[in-house]
Amino acid sequence: MIYRDTLKHAGKRKQLLTILMEKGIEDTSILNAIGKIPRHLFMDSGFEDHAYQDKAFPIGANQTISQPYTVAFQTELLEIKPGDRVLEIGTGSGFQTAVLCELGVKVYSIERQKELFKKAKLFLPKLGYRPKHLSFGDGYKGLDRYAPFDGIIVTAGAPFVPNPLLAQLKIGGRLVIPVGNDPQIMTLFVRKSETKFEKHEFGEFRFVPLLENKN
Ligand code: SAH
């Protein structure tokens, strides 16, 4: 398979950045990352014409690639610096993983659908993205082996906040997680000490559900 990224795609990405800025995204490193990543290649070719609309789309296994605005918004909340260790729950298409790689982050990501896990593992390196570790498993448990993390980003709707994710944050680390059943409230937890977490809420979003124990 040949991966084609053309000037036309680049032009559409520029338009997408304008939309994201209009919606309030300000972080230029995040905008630059989204401006560089060929989102159309993360979707079935049948959706190519829609790839640079600010919308979620199906990626197989009943899952979706998140809306670019949501990706940008969640990434902003992480407040990451290059070199940070970030855990993503829900690799999906790998698009959010690629954004984190572009930001110079050491990325760890978990996906519970075998088909999507395999696809992302093969595909991301083809575009030059090298996450530290892609894992097939249950994101409710986090990734204790590689903890603690500077940031954890959950890209599916969590009915509750899984304790292991809070436990796997560094002091000062940030967990960004959409909480609730349709819609979810985007929620940020900042770890202030061993036992204290500060909680902030950022309005309604819609995600596919974070599912438990299928393996
Ligand atoms: N970050 C992805 C978003 C994919 S949608 C992207 O940019 O494309 C959410 C993903 O979370 C789906 O792929 C789904 O299979 C996955 N998921 C759902 N429950 C999970 C769980 N318990 N552990 C890990 N991944 C999960």
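Q: Contact here means heavy atoms within 4.5 Å of each other. With that cut-off, which residues does Ser66 touch, not counting residues up to four places away in sequence?
A: Before the answer: this is a predicted model, in which local features need pLDDT of at least 70 and side-chain atom pairs count only at pLDDT 80 or more, while totals for chains, interfaces and linings use all residues. Numbering starts from 1 along each chain as its sequence is written, and side-chain values use heavy atoms, with hydrogens and water left out. Ser66 sits in the loop between β2 and α3, helices being DSSP runs of H or I with at least four residues and strands runs of E with at least two, numbered from the N terminus. What Ser66 touches is Arg39, Lys55, Ala56, Val71, Thr155 and Phe207.

Q: Is Ser66 buried or exposed?
A: The scale goes by relative accessible area: under 20% is buried, over 50% exposed, and in between partly exposed (1.4 Å probe, protein chains only). Ser66 has 18% relative accessibility, so this residue counts as buried.

Q: How much of the ligand's accessible area does the protein cover?
A: A residue joins the shell if one of its heavy atoms lies within 4 Å, and 27 residues surround the ligand, with Gly90, Ser93, Glu111, Gly139 and Leu211 the closest. For polar contacts (N or O pairs within 3.5 Å), a side-chain N or O atom of Glu111 is 2.6 Å from a ligand oxygen, and a backbone N or O atom of Leu211 is 2.5 Å from a ligand nitrogen. Using Shrake-Rupley areas with a 1.4 Å probe, the ligand has 590 Å² on its own, and the protein's cover is 100%.

Q: Which element gives the most to the shell around the ligand?
A: Those giving two or more residues are β2 (63-65), β3 (85-89), α4 and β4 (106-111). With 3 residues, the top giver is β2.

Note on methods. A polar contact is a pair of N or O atoms within 3.5 Å; within protein, one must be able to donate a hydrogen and the other to accept it, and residues adjacent in sequence count only if both atoms are side-chain atoms.
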